[in-house]
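The following questions and answers concern one protein chain.

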Amino acid sequence: MDITITLSTEQQSSFETIERTRKHLFFTGRAGTGKSVLLRYVREHTQKRVVVVAPTGIAALNVQGQTIHKFFKLPPKLYTPGSLKPNSSLSIILRNTDLLIIDEVSMLRADLLDAIDERCREACRNNVPFGGIQLVMFGDLFQLPPVVEEGLMEYFTDVHGGYFFFHAQVWKKTTFTIHELTQMFRQTDQEFRDILNAIRDGSVTEAQLAQLNERSNYPIPEEGVVTLAATNALVTEINQKRLDQLDGEMFQYEAKIEGEMKKTSFPTEPFLQLKKGAQVVLLKNDSHGRWVNGTVGIVAELAKDQIWVRVGNFVYTIEKETWEEIVYEYDFATRKVEMHVVSSFTQFPVRLAWCGTIHKSQGNTYDGVCIDLSSDTFAPGQFYVAASRCRTLDGLYFPHPVKRSHIITDSTVQAFMAGKESLCMEEEEEEAL
């Protein structure tokens, strides 16, 4: 059970725009501005018939949706116009959908948005964009970009002019209203906010870089700090090494997996190995508000079928949780689109947290973050995602100095967002008149 959601004035206004209009909308904003909270609220409270999808399995599980490929019956290859075979069951669902929500659209490739458009137009027998279904997207383009296979970059450049969702053909034919959420919830210190904003748009000054590097002079605490790294291999190596260093008995907990869920979608290990004293991150919100998804704790005790985790000065019993993968089906009797669980993953909602990937940290909040800069594989947005997971500048640690080369921003995104800001200013002036 999730914590009851209370919207800010800005979020409430955004919800009413979604609910009272049929506009195509793109909600963006810096990390920590409540995009995920707004999405969950819409999903739970809208009176519209809604479908929620996301580009990756983890992102889909987090919003109780489906992956774009699975829902839209898309083959795992490049989409080209007219290449999709009609799917009658999907068409029935789409004809009974009022609102389509896409989360984490920074990772949505241009061809996939066009594929979604083709599916919707075909299903609704309507040649307007998305067949007349309202599309609402959530995400921050300055965070993680789409994955483009080797050899396809030239194709996207030549055919689309780029690979982001705003390079899709349907984007160029559709009027989207862009809303940038501005109220920060994760960070409260204005100086740290300014640094994060500069990392986000690539405008970091020498003074701000020096402020970041001051954090490389501080020793990294043994507890309460999550190291974020760019590669899975490094994360596995660090976690296993730290676990092996602990004395005491090793306990292993096997997940109960029903149906066919891809391993890449598993929220934690199917065979979870823990020792007393292990640092872990909690992966579900507590219904009583004692912890949230992303809270870091220490394993206090272990038993065959039970674990206890210390968070701050309190030790809590952690119960197993279930993550469900759903599909949408149309019920002819009720004339409604129903959600059905097709697979589930039940396990203690914890993961070893001495180290984690930057990619999987997206959306989480930590009190202490150490960013591993030993890898040269940083992609656009990665440093920003990692740094913005932390609540405070004093909670950031760097074992190696931060270089300007670590802070990468895609110039295409910068240009698009600059154009978006100009468009929003024009819209505000027209509304004032």
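Q: Is valine 315 buried, partly exposed or exposed, and at what relative accessibility?
A: This is a predicted model, in which local features need pLDDT of at least 70, side-chain atom pairs count only at pLDDT 80 or more, and totals for chains, interfaces and linings use all residues. Residues are numbered from 1 along each chain as its sequence is written, and side-chain values use heavy atoms, with hydrogens and water left out. Buried means under 20% relative accessible area, exposed over 50%, and partly exposed in between (1.4 Å probe, protein chains only). Valine 315 therefore counts as partly exposed, at 48%.

Q: Which residues are in contact with valine 315, leaving aside its neighbours within four places in sequence?
A: Valine 315 belongs to strand β14 (residues 314–318); helices (H or I, at least four residues) and strands (E, at least two) are DSSP runs, numbered from the N terminus. Contact means heavy atoms within 4.5 Å. With neighbours within four places set aside, the contacts of valine 315 are Ala300, Trp308, Val309 and Arg310.

Q: What is the bridge partner of leucine 25 in β5?
A: Strand β1 (residues 24–29) pairs with strand β5 (residues 134–138) in the parallel sense, over three bridges. In β5, leucine 25 has as its bridge partner valine 136.

Q: Against which elements do the buried residues of α2 pack?
A: In helix α2 (residues 35–45), the buried residues are Lys35, Leu38, Leu39, Tyr41, Val42 and Arg43. They pack against α1 (9–20), β1, β2 (50–54), β4, β5 and β6.

Q: Which members of the largest nonpolar core touch the most other members?
A: A nonpolar core is a set of buried Ala, Val, Leu, Ile, Met, Phe, Trp, Tyr and Cys residues joined through side-chain atoms within 4.5 Å. The largest such core has 67 residues, and α6 gives the most to it, with seven residues. Those touching the most other members are Phe72, Ile102, Leu113, Met137, Phe165 and Trp171.

Q: What is the phi of phenylalanine 130?
A: Most residues other than glycine have a negative phi. Phenylalanine 130 lies in the loop between α6 and β5 and is buried, with a relative accessible area of 1%. Although it is not a glycine, phenylalanine 130 has a positive phi of about 60°.

Q: What is the phi of glutamine 64?
A: Glutamine 64 is found in the loop between α3 (57–62) and β3. Its relative accessibility of 41% makes it partly exposed. Glutamine 64 is not a glycine, yet its phi is positive, about 55°.

Q: Why is the ring pair of tryptophan 323 and phenylalanine 345 edge-to-face?
A: Rings of Phe, Tyr and Trp (its six-membered ring) pair if their centres lie within 6.5 Å; planes under 30 degrees apart count as stacked, over 60 as edge-to-face and the rest as tilted. Tryptophan 323 and phenylalanine 345 have ring centres 6.1 Å apart and planes at 65°, so their pair is edge-to-face. The pair links strand β15 (residues 321–331) with strand β16 (residues 336–347), at a separation of 22 residues. Both partners are buried: tryptophan 323 and phenylalanine 345.

Key. Two strands pair if DSSP finds at least two bridges between them.
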